[in-house]
Amino acid sequence: MPHTSEVMLHVNGTPHRLTLDNRTTVLDALREHLRLTGPKKGCDHGQCGACTVLLDGRRANSCLSLAVAHSGARITTVEGLPRGTDGLHPLQQAFLDRDGFQCGYCTPGQICSALGVIAEAAGGHPSHVTAADGPPPGEPVPLTADEIRERMSGNICRCAAYPHIVEAIEDVAGAAVTS
Amino acid sequence: MTTSRERALGADTVRIEGPAKVTGTALYAAEHTPDGCLYAWVVPATVARGRIVSIDTAAALAEPGAVAVLTHENAPRIEEPDDPILGALRDDRVPHRGWIVAVAVAETPEAARATADAVRVTYATEDHDVVLTTDHPGLYAPETANGGYPGSRERGDFDAAYAAAPLTVDVTYSMDPMHNHPMEPHAAVARWHDGRLTVHDSSQGSAVVRETLAALFAMDPAHVTVISEHVGGGFGSKGTPRPQPVLAALAARYVGRPVKLALHRSQLPALVGHRPSTIQRVRLGAGPDGVIRALAHEVITYTSTIKEFVEQAATPARTMYTSPHSRTTHRVVALDVPSPSWMRAPGEASGMYALESAMDELALVAGVDPVQLRVRNEPSHEPDSGRAYSSRHLVECLREGARRFGWRDRDPRPGVRARGRFLLGSGVAAASYPVVITPSTAEARAAADGGFLVRVNATDIGTGARTVLAQIAADALHAPLDRVRIEIGDSDLPRAPLAGGSWGTGSWGWSVDKACRALRSRIEAAGGTVPAEGLSASADTTDDVQAGTEFARHAYGAHFVEVQVDRDTGEIRVRRMLGVFAAGRILNPRTARSQFIGGMTMGLGMALMEGATIDPVAGDFPERDLASYHVPAHADVRSVEAYWIEEEDPHLNPMGSKGIGEIGIVGTAAAIGNAVRHATGVRLREVPMRPDRLLPHLG
Ligand code: FES
Ligand code: FES
């Protein structure tokens, strides 16, 4: 038998006790064991972002995370985003409104990553393009288009919906700032 | 049934499957997991040429969870495929590195991969030849290039006209191989049941996959179903059947259980086609006014030893500009390399890179503005065929683009716009893509409750086909869009061509329009009400399409770009890209804009970062992941704008549309290279224009 472990994953608020091969990634645990098809496998190699989920509140490439190393973790996939009355999270709605995708394969990863970006900027994390004389440490960093492009660069879109993705994120980040 | 005509077409309509895609519920091929499904992993050849001497599967089969290893010795026999790339596991031959020599099947994905890794293959290697050179002794002139175009064309007396021309340009451009790399890797899930085969495949056209599987397994096609409901991009690489549905079906038959075979990203470069490198010599002989008198475009490229694929890069020169004396040729050599194939705008993307760069060089020699030079070389008829154009608004695209971009104030001098470390420059290039229409069938049904169902085996690889076909149907039916349901992406639906060659919407749409009009007539004949049992109508456009056309039909466009070049590092960044297109009637501005932008951005990749190498020793591509083969990422893509002009063309199809999926990539790399020349004074004649290629020239 392969070496297996008992792993507890809290996915979108539901606990799942799984017996998994120690080689199983969080991505494969979600896709092949829990049949959650939101997280996509684009490269299985940490280079495309299609598998992005929120792992204990932070965005992560689930293909690079072994499930056995994350027992007890709380995972949010695109299926588990809080929905408004119209059935969609504001970011999902913004992607629809802006046509922020074509084939849709990178889209759940883009959306989860964008959630992480908005939280990181609000939490005062600078990026490579944040000006040295920008907000003091810990203060929210305004999400300009350049900031979004820099912070989203781990999420590849071969259909190149990039300009529309940036607009969608700006819509939601801007609304978050003004509200 | 009282709504007026032409309401849905041309409207900014949100994608029908959009909600499913943003919530993660749209299922792509590998996301189907039938009960009892096993997992397969392919074993690629590690030599560039030779024969398999032995395959030792003992250690592999001892892996926990291993179920089987299929090799040419034990795999069920299949018929000889028309396309040799589907011939893996039929014999012991290894035609290139990465060729599939075995398929491991196991209970889990992890076990399948470990099983594959444990397979030991011994080869008798043979010398291999994978290097393209301009004097390769194996170069030959093919009868035809991809698309069925003649390999060579001669008009007038090029040599004499070129020798006599007051102005000449003689330049050679080269391109590295490029990979399609759609975000969804190729995958298939196959299941045999009651003598039938059902396959979920990541394909641009399930009809051909179905027919191919039926032929290989000697079955009645009616017993094979291939489903490609949602496809994560393809860009040509999923246009022809690829090995995964064949091997998944083979493995499923062997083990008697459903099998899922998802290729890994690292396996795509050798297995799903690529754009081959080209070496293109362009000679332009012109009068003092820059008007072309002689034009030669001579292309050298490679194919594999198992299949002739000739990137038709010399074909745009047959139609673009006035050229009383012309020579357009292809020469190709068969190397021991993975088979090249279709990648977005095969021929046009590559050929227009060279031709539109050479036009910029002619503009400099002639001292004519590059927009003006193209206007002066506008032909009255298609030079190669002598046919009239059904519509041609290249000049309007150039003028509109120049106006929007602010081209008029451009200082033509190179290397004079410094901003700190950066040099700025701007460039222009033209785009063109042929209009091709392929026969298609469709069916439309009306229900008594006022709802409609339209069935056509189209594929939506991200183009928005599902949505635009529903729009076409709604208008033809005189029905509101929300009463039209559409089914696509299943080979049990009425047969339709694959999504490729930018012909999808024009071809599928014509049959949808025809079926829906016929249905509307039936409803009217029934007194305007649909009986309880419903009404239906079918359409086949074979005769309509085969009636042909007396016109040369192409879409056109103009790209304007601004670049900045870092003088210290040689890094080129595109600050702004603006394209204006003339592509007939735009049926859905929202999805159309996304297509143009997507094509232009892939052109940015071609210009600056997308290049593979064929390792002369190993025999195939060392760049087998997205960290070594770079495609544009968010930070690479700043301002990209796409516009179009209203174009009426009655000689196309009932919708008046031209294809728009590929023209965006055509000419972009030339526009960027021309801008780099304007910024720096340096003319790079190879793409991608990586920093290491530019920096030595920056002094
Ligand atoms: S699949 Fe995880 S980063 Fe690509
Ligand atoms: S929408 Fe196709 S890869 Fe992003």
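Predicted model: local features only at pLDDT ≥ 70, side-chain atom pairs only at ≥ 80, totals over all residues.
Colleague: Is A:His70 buried, exposed or partly exposed?
Modeller: A:His70 sits in the loop between strand 4 (58-61) and strand 5 (74-76) of chain A. Its relative accessible area is 24%, and the term buried applies under 20%, exposed over 50%. A:His70 is therefore partly exposed.

Colleague: How are the rings of A:Tyr105 and B:Tyr28 arranged, stacked, tilted or edge-to-face?
Modeller: A search of the whole structure finds 10 aromatic pairs over all chains. In the pair of A:Tyr105 and B:Tyr28, the ring centres are 5.1 Å apart and the planes stand at 85°. Planes over 60 degrees apart count as edge-to-face, so this pair is edge-to-face.

Colleague: Where do A:Tyr105 and B:Tyr28 lie, and what does their pair join?
Modeller: A:Tyr105 belongs to the loop between helix 2 (90-98) and helix 3 (107-122) of chain A. B:Tyr28 belongs to the loop between helix 1 (18-22) and strand 1 (38-44) of chain B. Both residues are buried. Because one lies in chain A and the other in chain B, the pair joins two chains.

Colleague: Why is the pair of B:Phe405 and B:Trp407 tilted?
Modeller: B:Phe405 and B:Trp407 are both buried, and together with B:Phe560 they form one aromatic cluster. The ring centres of B:Phe405 and B:Trp407 are 6.4 Å apart. The pair is tilted because the planes stand at 45°.

Colleague: Which residue lies over the face of B:Trp192?
Modeller: A charged residue is placed over a ring in two cases described here. B:Arg283 lies over the face of B:Tyr162, at 5.7 Å from the ring centre. For B:Trp192, the distance to the ring centre is 4.2 Å, and the residue is B:Arg253.

Colleague: Which strands stand at the edges of the open sheet of five strands in chain B?
Modeller: This sheet has the order 16-17-22-23-24, with mixed pairing. Each edge strand has a single partner strand, so one side of each is left without a neighbour in the sheet. The edge strands are strand 16 (418-419) and strand 24 (639-644) of chain B.

Colleague: What is the bridge partner of B:Tyr556 in strand 23 of chain B?
Modeller: Strand 22 (residues 554-566) and strand 23 (residues 572-582) of chain B run antiparallel and are joined by 10 bridges. Helix 14 (residues 589-608) of chain B lies across strand 22, strand 23 and strand 24 of chain B. In strand 23, the bridge partner of B:Tyr556 is B:Ala582.

Colleague: What angle does helix 5 of chain B make with strand 11 of chain B?
Modeller: The open sheet of seven strands in chain B has the order 3-5-1-12-9-10-11. Strand 11 (224-227) is an edge strand there, as is strand 3 (66-70), because each has a single partner strand. Helix 5 (residues 206-216) packs on this sheet, touching strand 10 (196-201) and strand 11 of chain B. Its direction makes with that of strand 11 an angle of about 145°.

Definitions and conventions. Residues numbered from 1 in each chain as written. Chains lettered and ligands numbered in written order. Heavy atoms only, no water. Helix = DSSP H or I, 4+ residues; strand = E, 2+ residues; numbered from the N terminus. Buried < 20%, exposed > 50% of the residue type's maximum accessible area, 1.4 Å probe, protein only. Phe/Tyr/Trp six-rings, centres within 6.5 Å; stacked < 30°, edge-to-face > 60°. Lys NZ or Arg CZ within 6 Å of the ring centre and 35° of its normal. Pairing = 2+ DSSP bridges. Contact = heavy atoms within 4.5 Å. Axes fitted to C-alpha atoms, helices over the stretch in contact; angles between N-to-C directions.
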